[in-house]
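Me: I have a structure open and have not looked at it before. Can you walk me through it?
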Amino acid sequence: MLSRWDQTDASAPLFNRSTSQPRMSRIRLLPETVASQVAAGEVIERPASVIKELIENSIDAGARKIDIFIRRGGISLMRVIDDGCGMDRDDTLLSLERHATSKIRSVSDLEAIATLGFRGEALPSIASVSRFRLTTREPNAVVGTEIVVNGGKIDIVRDGGEAPGTQVEVRSLFYNVPARRKFLRAENTEGRNVEHQLHLQAIGHAGVGFTFARDDRVVFQLPGTATLSDRIRDLYGNELLAQLLSLNGASSSQIKISGLIGQPGLSRQTRSQQLVFVNGRAIESPLITTAIREGYHTALMKGQYAVTFLFLELDPGAVDVNVHPAKREVRFRDPNSVREAIVRAIQERLARGRVDWQEKFRAPTATATPTQPVVNLTLRPQAVAPEESDRELPQFAPTSSAHREQVFGKPVDVEPDAATKRDGRQQQFQIIGVLNKLYVLMENADGLVLVDQHAAHERILFEELRRRMEDQGVPSQKLLISQTFELPPRDADWIEQNMSIFQKMGIGIESFGPNTFKIDSLPGFLNVTDSAQFMRTVIDNLKSASDRSSPLRLGEEMIAKTVCRHAVKANDPLRYLEVEKLIQDLLDCDLPYCCPHGRPTMIQISHAELEKKFGRKV
Ligand SMILES: Nc1ncnc2c1ncn2[C@@H]1O[C@H](COP(=O)(O)OP(=O)(O)OP(=O)(O)O)[C@@H](O)[C@H]1O
Ligand SMILES: [Mg+2]
């Protein structure tokens, strides 16, 4: 069993160019150690890759608890201890041979892989580029095995292994491959990579307990048999968990989608919290990244990334996991259906989230209302000065309804049906006033709500125009003078292909000779002076934003990009009824909590937060 390792002679020169003597043969089989090092070059890039492989082995071995210990970013030491099935002596020796695996037996097994490992490459690769020690014992065995390998050469095999399970120790990574060692980053960076990898594994396998210590400091201790929510709370805290929506039941016969995704308004500048697991394996996939973005669409600010802990389960035969050396990528047999399922699951969940929000916007119940006396604030002078002061919102006003009526008048003098409609929903919120001519202050059962009136108006306009576009097309307005303009051939082609979308968007455009177009109408809500220039901008925007999008999405993009200029500006003073209508309209939107550019429209400050700030509660 030791033979292949023993025969290695890595120091023998493979080529001897200086000698002119013809050699027996110019092609030689690489010594096993060298072959392993070559393979390691692909699989083992840095300490985090070692950790990944070792943990995946532990999980495949049925471990319920895994302890990880690293020193100096993992470069000087990594130790992974599991309570899995362990190995007997023969298997221990075999496990260090290349292409020795217990996980697949034939090519047909490759077509439906249910384990994390399958190549039989990881352990020999790691052992060939480090000082490696493995101890293992099967649960019922009297004695286990200890094996020590240095740079691919087996030095010690003896009885050992205390607790049932397997312990692997990897010291001095790349000590014998200086070229690789040079590519390692600072210890801190490597340590962070290890930690990120551990997060992936811990989230992907919430049922397994993990402890992680770095340079003798315990970083986390995660109990086993946890749910995904427990795991996320333990790793990232309650604050993040409270902003996540659970995805479940969104499944078809081919694919099951579950997990937790960020509510609109929650986003990050990088993809570091956009995690995706396919059959328990953390993967990176441009296809899925795009689908997530599409699912969020207007709920995401430009350049921001959604937070997701997304789990896809499909028949192992429907994914090929054997496409990337570190198994970070997969290939789907039916990528389109995967993409569509993800987009749909996210869209549906975000739309459902709206009901939860409306729930939150109920007026404060008697018990929830703070019992402290109302602070008697004087109104700012400018709020009372104008003649029509009884119809204007105060900059800040106490919330008593008697006072409200005194300030705003009884809110009944609008069209009768609007009045009844409002009565029906009056329970949802209570407006206190407007701060800085921009933020509407409201009270609900949870505490204080601030609404950005500009962002709110953008969302309302956006949804209204989108609805119209879907129904009958955006009403367009004839231009007094039609205008012609020329475009580069590629843009011209693009317009030709998307002509019908432009019509739906209320843009009257037609071909007018080679690469030339005539434009004679534009959407009524636009206020455009130079229509040719406007078209160029629209085309640029749409092309950059949405190569992959559906026609409807193109229209949405245009609307999102133009409504902004037409929405109520910050500092436009609104009257009480206008504010009330704005809030009602907002709550009627599909995605009330963010503007079409993904910025939040409202912020909730809970009673608990207020109490904390005032030192009433610690
Ligand atoms: N922690 C462990 N507990 C029990 N058995 C293990 C453990 N680690 C490895 N093994 C055994 O050693 C074999 C070789 O492990 P190795 O990681 O090299 O290959 P693999 O997991 O089969 O495939 P891959 O190279 O894709 O990871 C495994 O198939 C498994 O049988
Ligand atoms: Mg493995």
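Reply: Start with the ligand. The largest share of the shell around ligand 1 comes from α6, which gives three residues. Keep in mind that this is a predicted model.

Me: How many residues surround ligand 1, and which are the closest?
Reply: The shell holds 21 residues, and the closest are Asn57, Thr101, Ser102, Lys103 and Glu121.

Me: What kinds of residues are they, nonpolar, polar or charged?
Reply: The shell around ligand 1 has seven nonpolar residues, eight polar and six charged.

Me: Which side chain has an N or O atom 2.8 Å from an oxygen atom of ligand 1?
Reply: That is Asn57. On a nitrogen atom of the ligand, the side chain of Asp82 has an N or O atom at 2.9 Å. The backbone takes part too: a polar backbone atom of Ala122 is 3.0 Å from an oxygen atom of ligand 1.

Me: How much of the ligand does the protein cover?
Reply: On its own, ligand 1 has 590 Å² of accessible area, and the protein covers 94% of that. Two elements give two or more residues to the shell: α3, residues 47-60, and α6, residues 122-128.

Me: Changing topic. What about the largest nonpolar core, which residues have the most contacts inside it?
Reply: Those are Ile68, Phe132, Phe210 and Phe309, in a core of 58 residues. The element that gives the most to this core is α3, with six residues. Apart from this core lies another of 36 residues, among them Val278, Leu312, Val338 and Cys594.

Me: What does Phe132 touch?
Reply: Leaving out residues up to four places away in sequence, its contacts include Leu96, Leu123, Ile126, Ile147 and Val168.

Me: And Gln167, buried or exposed?
Reply: Gln167 counts as buried because its relative accessible area is 18%, and the cut-off for buried is under 20%. Gln167 sits in strand β6, residues 165-171. Beyond four places in sequence, Gln167 touches Arg79, Val80, Ile81, Arg133, Leu134 and Thr135.

Me: Now the whole chain. How many helices and strands?
Reply: There are 22 helices and 24 strands. The chain has 618 residues, and 48% of them count as buried.

Me: What share of the contacts is between residues 24 or more positions apart?
Reply: Among contacts with a separation of 6 or more, such pairs account for 67%.

Notes. Residues numbered from 1 in each chain as written. Chains lettered and ligands numbered in written order. Predicted model: local features only at pLDDT ≥ 70, side-chain atom pairs only at ≥ 80, totals over all residues. Heavy atoms only, no water. Helix = DSSP H or I, 4+ residues; strand = E, 2+ residues; numbered from the N terminus. Buried < 20%, exposed > 50% of the residue type's maximum accessible area, 1.4 Å probe, protein only. Contact = heavy atoms within 4.5 Å. Near = heavy atom within 4 Å. Polar contact = N/O pair within 3.5 Å; in protein donor to acceptor, adjacent residues only side chain to side chain. Areas by Shrake-Rupley, 256 points an atom, 1.4 Å probe, with all protein chains shown as cover. Nonpolar A, V, L, I, M, F, W, Y, C, P; charged D, E, K, R; others polar. Core = buried A, V, L, I, M, F, W, Y, C linked by side-chain atoms within 4.5 Å.
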